[in-house]
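The following exercises are meant to be worked with the sequence and the coordinates side by side. Try each task before reading its solution.

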Amino acid sequence: MTYQELENQIVGLQDEGLELFNAGKSVLGKNILATHVGEYSGPQVLIQGGIHAREYITALLLVEMARNLHNNDSVKGGGIYFVFLTNPDGAQICLDGIDFLNCDITKNYLLSANNGSTDFSQYKANVNLVDLNTNFDANWGGGSQNVFCPATEDFVGFYPNSEREVQSLIDFTLNTKPSITISYHTKGNVIYYGFEGESEENIARDQSIGESFSELTGYPLILTENSTGGYKDWCIQKLTIPSYTFEVGDESLSHPIGVESLPEIYNRNKDIPLLALQKAIEYSKQIDFQDPFVQNIDREVKTNGFNEESYCARLLCKLNRRSAHRRDNHSRW
Ligand SMILES: [Zn+2]
């Protein structure tokens with residue numbers, strides 16, 4: 001498969017009547033494409049895939065899910081956002097190699113991190129050699145596998161939230177205010193939930209919802225340990241919402257998992273979006289979406305006393321940022 005073929009699968013949804021919009025941009029300026037099914041009122045679920053380059057099969061999984069749920073009467077009482085491919089630059093490096101890059105310095109940088117090999121099929125990072133699912137500001141840099149130098153995987157970045165793809169997903173999440181998020185990865189057929197420091201009450205809530213996902217898919221549910229800086233971790237720590245990482249595809253398969261495995265993966269996961277929405281509706285009174293920006297203002301007011309000028313400046317900045325993103329998100333590209 002080429003990157004163009006992968007992108008065509010996502011873009012092709014428009015021909016079936018799904019509206020695509022941008023969840024943000026990659027470092028190289030690619031659109032991070034998203035769609036929505038169901039109603040914009042009521043609880044929302046956000047499902048994202050392809051944050052690790054070689055795991056692009058998860059983008060195709062989300063394409064199938066969105067296709068299946070488009071104009072489907074069962075999606076009611078809320079809605080579901082799909083962010084198909086959070087790391088499009090990385091997916092292109094994995095699928096096409098580095099010839100498409102115009103800049104020799106970037107090519108040499110990637111080649112040296114890849115031990116001089118032109119085979120990038122095992123690539124996980126973005127074009128900056130940052131592992132995006134370790135770059136989020138949630139106990140950043142504290143994971144047992146983290147590395148602190150640019151690499152094809154596990155490099156946390158030079159500072160938290162440094163990468164454009166990460167900032168895009170954060171802004172998109174703050175704009176859409178999901179009640180539950182699910183991140184699709186490969187591989188191992190397991191579901192991770194929970195994060196260090198989460199309240200017992202919320203862990204119990206997340207476990208209960210997670211058990212229903214586990215029952216439906218047959219994937220065991222595992223409490224996260226020694227992993228930090230992921231999107232799931234950020235959602236749990238900063239927004240206090242239930243958030244899950246699904247590792248799909250049998251452990252015996254090699255990366256990148258080929259499209260021939262898609263039907264099996266899809267069959268086990270096809271009802272997850274609807275179940276997640278059902279759980280979001282069921283638990284809506286217990287899910288309190290904490291806006292980290294507002295939390296910071298609260299904290300600032302509590303620690304420094306109320307400073308009207310600083311408060312207004314920050315609020316204005318926030319509103320401007322949000323409306324800019326809203327414009328971007330809803331303009332067809
Ligand atoms: Zn992954």
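**Exercise 1.** Is the crossing of H2 and H8 right-handed or left-handed? Describe also how the two helices are oriented and which residues bring them together.

*Solution.* Note before starting that this is a predicted model. Begin with the geometry: H2 and helix H8 (residues 262-269) pack at an angle of about 55°, and their axes lie 10 Å apart. As for the hand, the crossing of H2 and H8 is right-handed. The contact is made on the H2 side by Ile57, Leu60, Leu61 and Glu64, and on the H8 side by Leu262, Ile265, Tyr266 and Asn269.

**Exercise 2.** At what angle do helix H6 (residues 200-217) and helix H9 (residues 272-282) pack? Classify the pair and identify the residues that meet.

*Solution.* The angle between H6 and H9 is about 155°, with the axes 11 Å apart. Since angles over 145 degrees count as roughly antiparallel, H6 is roughly antiparallel to H9. The crossing in which H6 passes H9 is right-handed. At the contact, Ile209, Ser212, Phe213, Leu216 and Thr217 of H6 meet Ile272, Leu275 and Lys279 of H9.

**Exercise 3.** Which residues have the most contacts inside the largest nonpolar core? Find the element that supplies the largest share of this core, and list the neighbours of Tyr56.

*Solution.* The largest nonpolar core holds 80 residues, and those with the most contacts inside it are Ile47, Tyr56, Ala59, Leu62, Phe82, Val83 and Phe84. The largest share of this core, 9 residues, comes from helix H2 (residues 57-69). Leaving aside residues up to four places away in sequence, Tyr56 touches Leu6, Gly50, Leu85, Ala91, Cys94, Leu95 and Pro256. For the chain as a whole, buried residues make up 44% of the 333 residues, and 80% of the contacts between residues at least 6 apart in sequence join residues at least 24 apart.

**Exercise 4.** What should helix H5 (residues 164-176) span at 1.5 Å a residue? Compare that span with the model, then describe the surroundings of the helix.

*Solution.* The 13 residues of H5 should span 18 Å, and the end C-alpha atoms are 18 Å apart, so the expectation agrees with the model. Its buried residues are Arg164, Glu165, Val166, Ser168, Leu169, Ile170, Phe172 and Thr173. These buried residues pack against strands S1 (20-25), S2 (31-38), S3 (44-49) and S4 (79-83), and against helix H7 (231-239). Just after H5, Lys177 takes a positive phi of about 45°.

**Exercise 5.** How many of the 9 residues of helix H3 (residues 88-96) are buried? Say what covers them and what follows the helix.

*Solution.* H3 is mostly covered, with 8 of its 9 residues buried, namely Pro88, Asp89, Gly90, Ala91, Gln92, Ile93, Cys94 and Leu95. The elements covering these buried residues include helix H1 (3-11), S2 and helix H4 (104-113). H3 is followed by Gly97, whose phi is positive, near 80°.

**Exercise 6.** Is Leu20 buried or exposed? Locate the residue and its contacts.

*Solution.* Leu20 is found in strand S1. Because 20 other C-beta atoms lie within 10 Å, Leu20 is buried. Leu20 touches Val11, Leu13, Gln14, Leu33 and Thr35, not counting residues up to four places away in sequence. Leu20 and Thr35 are 15 residues apart in sequence, and their C-alpha atoms are 4.9 Å apart in space.

Technical notes: Residues are numbered from 1 along each chain as its sequence is written. This is a predicted model: local features need pLDDT of at least 70, side-chain atom pairs count only at pLDDT 80 or more; totals for chains, interfaces and linings use all residues. A residue is buried if 20 or more other C-beta atoms lie within 10 Å of its own, exposed if 12 or fewer, and partly exposed in between; C-beta atoms are placed from the backbone. Two residues are in contact if their C-beta atoms, placed from the backbone, lie within 7 Å. A nonpolar core is a set of buried Ala, Val, Leu, Ile, Met, Phe, Trp, Tyr and Cys residues joined through C-beta atoms within 7 Å. Helices (H or I, at least four residues) and strands (E, at least two) are DSSP runs, numbered from the N terminus. The expected span of a helix is 1.5 Å times one less than its number of residues. Axes are lines fitted to C-alpha atoms, for helices over the stretch in contact, and angles run from 0 to 180 degrees between N-to-C directions. Angles under 35 degrees count as roughly parallel, over 145 as roughly antiparallel, 65 to 115 as roughly perpendicular and the rest as oblique. A crossing is left-handed if the near helix is turned anticlockwise from the far one by less than a right angle, and right-handed if clockwise.
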